[in-house]
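Subject: Structure for your review

Hello,

The sequence and coordinates are below, followed by notes on what turned up in them. Please read the notes with the structure open.

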Amino acid sequence: MTRAYLVLLPLGVVEDLGWLTPLVTAVIAFLFIGLDAAGRDIETSFEDDVSDTPMTALCRTIEINLRQMLGETELPPPVQPRDGLLY
C-alpha cells in the first residue's frame, strides 16, 4: 500500500511543485519506506534479531531464580552474549 501511494504521489504534486517534484517525492519516499521498515521490525519483537527482546536470556534468568527459591544447587548457567548480543 505504501509503494502504491509513492507511485501515485508525483502525479498529485507535480502541478504545485513543478521541477521540485522528483526531489520532494524522493525525500517523502525515503521517509515512508524507512517508517515502514521500522514498523515491521517492531512488529516482530521476539524473533532473535539484534533489536528484539532477549527472551532466551530472560527465561533462563527466571528459571535460575525459581530454582534458587526451591533450594536447588545445580543451576543452569546464565545465557552469555554472543558477538556482543544477548538472545
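Helix 2 has 23 residues, and at 1.5 Å a residue it should span 33 Å. Its end C-alpha atoms are 32 Å apart, which agrees. Keep in mind that this is a predicted model.

Helix 2 covers residues 21-43. Which of its residues are buried? Thr21, Thr25 and Ala29 are buried in helix 2. An α-helix has 3.6 residues a turn, so residues three or four places apart point the same way. The buried residues of helix 2 pack against helix 1 (2-17).

Threonine 25 shows this in detail. Its relative accessible area is 10%; buried means under 20%, so threonine 25 counts as buried. Apart from neighbours within four places in sequence, the contacts of threonine 25 are Leu6, Leu9, Pro10 and Val13.

Aspartate 83 lies in the segment after helix 3 (55-69), and its phi is near 55 degrees, a positive value in a residue other than glycine. Most residues other than glycine have a negative phi. Is aspartate 83 buried or exposed? With a relative accessible area of 83%, aspartate 83 is exposed.

Regards

Terms used: Residues numbered from 1 in each chain as written. Predicted model: local features only at pLDDT ≥ 70, side-chain atom pairs only at ≥ 80, totals over all residues. Heavy atoms only, no water. Helix = DSSP H or I, 4+ residues; strand = E, 2+ residues; numbered from the N terminus. Buried < 20%, exposed > 50% of the residue type's maximum accessible area, 1.4 Å probe, protein only. Contact = heavy atoms within 4.5 Å. Expected span 1.5 Å × (residues − 1).
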